[in-house]
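Subject: Structure handover

Hello,

Please find the structure below, followed by notes on what was found in it.

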Amino acid sequence: MQQVTRILLLVIMALIYTGCGNGEEREPADTRDEAPELTEFELEHGIGPVTERLDIGDLNVERARRGAEIFDLRCTACHRMDRRFVGPPLGEVTEARSPEFIINFILNPEEMTNRHPIGQALLQEYMTIMPYQNVSKEQAIEIVDFLRYYAETGEDLRD
Amino acid sequence: MAQKTTIWKITSLLLGLGLLAMIMYGCPSQTGMLDTRDAAQRVYVAPGEYDEYYAFFSGGYSGQLSVWGLPSARMLRNIPVFSQDPESGYGYSEETKPLLMTSYGFIPWDDSHHPDFSQTNGMPDGRWIFINGNNTPRVARIDLTTFETAEILELPNTGGNHASTFVTENTEYILGATRFSIPYEMDKDVPIDSYKENFDGSLSFIAVDPESGEMSMDFQIIMPPYHYDLGRAGKGPSADWAFFTTYNTEQAHTLLEIYASEFDKDYVVAVNWRKAQEYVREGRARTVPANYYHNLKDKNTGIASSTVHDEVLLLDPKDAPDMIYFLPTPKSPHGVDIDPTGEYIVAGGKLATVIPVHSFSRMIEAIENEAFEEVINGIPVLEYEATIAGEVENPGLGPLHTEFDGDGNAYTSVYISSEIVKWSLENFEVLDRIDAYYSIGHLMITGGDTPNPDRRYMVGLTKTSRDRFLPTGPKQLHPAQLYDISGDRMELLLDFPTIGEPHYAQAIKADIIRPNVKQIYDLDENKHPHAVMRPRDARVERDGNVVRVYMTNIRSHFTPDNIEGIRVGDEVYFHLTNIEQDWDMVHGFAIKGANSGEVLIAPGETKTIVWHPQRTGIYPFYCTAFCSALHQEMQGYVRVSAVGSDVPLTWRTGEE
């Protein structure tokens, strides 16, 4: 629609110019960027800085403890473990999603919401885009361990 | 694709401008439309692209400092400095209120005139920009990583700090001076007509800590009761010197319009500040009573606090020989400007028929030869002929200020005849002149008052716009004009309205500042004593009638957002921490009936606003910055009960 308006405007301008006898021909440029389709990896593990499987290894309790602190600071404004709050409950998220998916979502929430089908579905349900919280990749891995620990033991390391 | 987009946008803009020009002036065959298109092209910065320069315009009576991109003249920011700003809460929030404290109390306004950058080896280093407040004499430092006012220092025993904030080659000193002579002695009560006996001038030298930028009043020099108008630090060979203009050497105290314009010559004051500093370190300065505030924002807490000083070091030229000289200069000179080589001292004799140009090397010779006309209060007056290098003839009526392009050309603003005159530093002859719209004050060249200016753009800061824009009533904004000075002739590119009354401006290559600009305040570095880092710490505390609300904001809710147990007569402090860590994700806070304005809270920052509820009832509060799709939902309620009510103090967010 915007494109049509632009072309119309251009035509009107061109007509007025040619009325003065020095009209120029100009090709309207196509300005739309087409988003590339998501890869198999992106569909499964999310869009973001993580583009291949990470070998984060087994659950590491020390890492999970650090993750609990970061989770407390950066995530609890909107997330609870056992129930819906501003965002979805996270108690079982590690069973549904891969670590890479969760990390990409933390590090790249805007694009995950705009372009990933799961992000788009979450936006439909929760009506809000998760804020980027300037969490590092290492910290995101620690958050994954905090969530894995909870999923496996039922124990919340923040308590 | 991006390039195609740009071409399309440029094409559309040019066609649009062309169309507009044609509608107004007819077909291009009959007019100079190509020139307009050419000018438009030279100032066009495509959407998403950046300007080449940051320009900082003083706000004059707005008390602010506005930031512009050049050459597009897009406004980037308006920094509150000496004035309260209801938009951001500057001067309303508890953190920023101390910045506006003075020995005369809380002064939420001033008249900001002359910005100048911190310098390293004579070149702006992009760390800080300083600006003066003329009315209740002050100097401010703005941090260029955050574009926020970080510090304000009051000048003691000074009447109008106008010749400020000119900065020396390595930011050793910021200059200050008394514009309106007053008795130097603090709070002295004398008849106004005892001016000649009781009034004094003074010059101030404000030291700057090279690491922190923190300012301190190092020393002042007592001077004869003239008016000290503008200043400049020297460069290269003259780097150890500071220069000031004087007017009212007649020492009038009424109807200065007539009585301060009687003498053919006033003076340029040349001060060897390095020698003055040595004298002060040797102990030749006296400690005298003073009363002035120093307000500094703590980097870690973001909270400003004030220190009050009660004395200052004063140097008398009678006790400090070979330090300070008068150069006779026609007539009531305004600007004093030093060329990029540091050799020429150009005065804008606003009532003179010529532009006098003094030579620094001849001045030094004249001092060595003791070519003195007389000595006033220990200050030798040099012979005019001994220091003058040349006079620019026919400069127009009312020359004020001069800037330089580094290629041997000078550009002087001329107020009465409303023009800019370009002249040669080789033969002092006029090369070109161009109209200013209208009544030009200062002018500014990109790269500025340095040994190495960029001969690219010049901005004229004019005093009245009259018919230049769509009219907006009897009062209109002050305009500025952008000129291209890269060729032989000056060319007008753009005419645009500004904020307040810009007196002077500075422009710096964007690359010097841009890489250091902060995107967020790091929450981990937030040491504000009332910050809350995580929603679980959000709470409300009562201590007598003082209630403190520790609240977090994040898209799109406050924690807590329901508060009960507040009573009429309470003093309620809302301490808001924006726990976002994403660039430009700002939240605001306002509550019904608050007589202190709103606050805007940058990501990672803590800001405080105080509220005195006067009546019982339910008070909505909300986020004033459109932060997200659910911004309208970002709100809460406070319940205010009667004095002595037993409603318990409670708070919550959601069902928890």
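How many residues does α8(A) have, and how far does α8(A) reach from its first C-alpha to its last? Helix α8(A) has 17 residues and reaches 24 Å, close to the 24 Å expected at 1.5 Å a residue. The expected span of a helix is 1.5 Å times one less than its number of residues. Helices (H or I, at least four residues) and strands (E, at least two) are DSSP runs, numbered from the N terminus.

Some conventions before the rest. This is a predicted model, in which local features need pLDDT of at least 70 and side-chain atom pairs count only at pLDDT 80 or more, while totals for chains, interfaces and linings use all residues. Residues are numbered from 1 along each chain as its sequence is written, and chains are lettered from A and ligands numbered from 1 in the order in which they are written.

Chain A

Chain A has eight helices and zero strands, so its elements run α-α-α-α-α-α-α-α from the N terminus on. Of the 159 residues in chain A, 30% are buried. A residue is buried if 20 or more other C-beta atoms lie within 10 Å of its own, exposed if 12 or fewer, and partly exposed in between, with C-beta atoms placed from the backbone. Two residues are in contact if their C-beta atoms, placed from the backbone, lie within 7 Å. Among contacts in chain A between residues at least 6 apart in sequence, 70% join residues at least 24 apart.

Helix α8(A) is mostly covered, with 12 of its 17 residues buried. Among them are Ala140(A), Val144(A), Leu147(A), Arg148(A) and Tyr150(A). What covers the buried residues of α8(A) includes α3, α4 (93-96) and α5 (99-107) of chain A. After α8(A) comes Gly154(A), which has a positive phi near 75 degrees.

Helix α3 of chain A (residues 61-74) has 14 residues and reaches 20 Å from its first C-alpha to its last, close to the 20 Å expected at 1.5 Å a residue. Its buried residues are Arg63(A), Ala64(A), Gly67(A), Ala68(A), Phe71(A), Leu73(A) and Arg74(A). An α-helix has 3.6 residues a turn, so residues three or four places apart point the same way. The buried residues of α3(A) pack against α8 (137-153) of chain A.

How do these two helices meet? The angle between α3(A) and α8(A) is about 105 degrees, and their axes are 7 Å apart. That makes α3(A) roughly perpendicular to α8(A). The contact is made by Val61(A), Arg63(A), Ala64(A), Arg66(A), Gly67(A), Ala68(A), Ile70(A) and Phe71(A) of α3(A), and by Gln139(A), Ile141(A), Glu142(A), Ile143(A), Asp145(A), Phe146(A) and Tyr149(A) of α8(A). By class, this contact has nine nonpolar, two polar and four charged residues.For these terms, axes are lines fitted to C-alpha atoms, for helices over the stretch in contact, and angles run from 0 to 180 degrees between N-to-C directions. Angles under 35 degrees count as roughly parallel, over 145 as roughly antiparallel, 65 to 115 as roughly perpendicular and the rest as oblique. Ala, Val, Leu, Ile, Met, Phe, Trp, Tyr, Cys and Pro count as nonpolar, Asp, Glu, Lys and Arg as charged, and the others, Gly among them, as polar.

Chain B

Chain B is divided into domain 1 (2-43), domain 2 (53-516) and domain 3 (523-652), with bounds from an automatic or database domain assignment. The centres of domain 1 and domain 2 of chain B, taken over C-alpha atoms, are separated by 39 Å.

Two peptide bonds deserve a look. The bond from Leu70(B) to Pro71(B) is cis, with omega near 15 degrees, and Pro71(B) is in the loop between β2 (64-70) and β3 (74-80) of chain B. The bond from Arg555(B) to Ser556(B) is cis, with omega near 0 degrees, and Ser556(B) is in the loop between β35 (546-554) and β36 (557-559) of chain B.

Asp322(B) is not a glycine but has a positive phi of about 60 degrees. It is in the loop between β17 (304-315) and β18 (324-330) of chain B, and counts as exposed, with 11 C-beta neighbours inside 10 Å. Asp584(B) has a positive phi near 70 degrees; its loop is between β38 (571-578) and β39 (587-591) of chain B. Asp584(B) counts as exposed because it has 9 C-beta neighbours inside 10 Å.

Regards
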